[in-house]
Amino acid sequence: MQQQNFNIQEKLELDTRKHLFLSGVETVDGFNEQMLKLTINGSKVQILGNNIKITAFNKANGNLNADGDFYEIKYLNKKEPLIKRIFK
């Protein structure tokens, strides 16, 4: 199986906080009516809201559409180990 290269430019569009479009999505790591967890170009992203529904996801091109009442989008970065933060 050939590994896909998702080094495409990511794009996030949020229309009236109700309709979401994302490009560059590698995987949907989890979702329910209050949360989407995604991997976008190697970064973990968490999107919070109410009544969230994924209306379309094309893994081949990395496009995702969702509807709901969105109120928070977080990029989750891994923290460096404590020892590396202390001894920079």
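Tutor: Start with a definition: two strands pair if DSSP finds at least two bridges between them. The model here is predicted.

Student: What makes β1 and β2 a pair?

Tutor: Pairing needs at least two bridges. β1 and β2 have five, in the antiparallel sense. They therefore count as paired strands. Within this pairing, Glu13 stands opposite Phe21 in β2.

Student: What lies between the two strands of that hairpin?

Tutor: Three residues separate β1 and β2 there. Thr16 takes a positive phi near 50° in this hairpin.

Student: Why is the link between Glu13 and Lys11 called a salt bridge?

Tutor: The cut-off is a side-chain nitrogen of Lys or Arg within 4 Å of a carboxyl oxygen of Asp or Glu. The closest N and O atoms of Glu13 and Lys11 are 2.9 Å apart. That value meets the cut-off, so the pair is a salt bridge.

Student: Are Glu13 and Lys11 buried or exposed, or in between?

Tutor: Glu13 has 37%. Lys11 has 43%. Both values fall in that range, so both residues are partly exposed.

Student: How many salt bridges does the structure hold?

Tutor: Four. Another is formed by the side chains of Lys44 and Asp29, at 3.3 Å from N to O. This pair links distant parts of the chain: Lys44 is in strand β5 and Asp29 in strand β3, 15 residues apart. Lys44 is partly exposed at 39%. Asp29 is partly exposed at 40%.

Student: How do you know that Lys74 and Glu72 form a salt bridge?

Tutor: Set the distance against the limit again. Their N to O distance is 3.6 Å. The limit is 4 Å. The pair therefore qualifies. Lys74 has a relative accessible area of 32%, and Glu72 has 29%. Each counts as partly exposed.

Student: Which residue touches both Lys74 and Glu72?

Tutor: Gln46 does. Leaving aside neighbours within four places in sequence, its contacts also include Met35, Leu36, Ile73 and Leu76. Gln46 lies in strand β5, residues 43-58.

Student: Why is Gln46 called buried?

Tutor: Buried means under 20% relative accessible area. Gln46 has 14%. That is under the cut-off, so Gln46 is buried.

Student: What makes up the largest nonpolar core?

Tutor: It has 12 residues, among them Leu20, Leu36, Ile47, Leu64, Ala66 and Phe70. β2, β4, β5 and β6 each supply at least two residues.

Student: What does Leu20 touch?

Tutor: Not counting residues up to four places away in sequence, its contacts include Leu36, Ile47, Leu64, Ala66 and Phe70. Leu20 also touches Leu12, Glu13 and Leu14.

Student: What makes the nonpolar surface patch?

Tutor: Leu12, Leu14, Ile73 and Tyr75 make it, over about 310 Å². The elements giving two or more residues are β1 and β6.

Definitions and conventions
Residues numbered from 1 in each chain as written. Predicted model: local features only at pLDDT ≥ 70, side-chain atom pairs only at ≥ 80, totals over all residues. Heavy atoms only, no water. Helix = DSSP H or I, 4+ residues; strand = E, 2+ residues; numbered from the N terminus. Buried < 20%, exposed > 50% of the residue type's maximum accessible area, 1.4 Å probe, protein only. Contact = heavy atoms within 4.5 Å. Core = buried A, V, L, I, M, F, W, Y, C linked by side-chain atoms within 4.5 Å. Patch = residues over 30% accessible without salt bridge, like charges linked within 9 Å, V, L, I, M, F, W, Y side chains within 5 Å. Areas by Shrake-Rupley, 256 points an atom, 1.4 Å probe, with all protein chains shown as cover.
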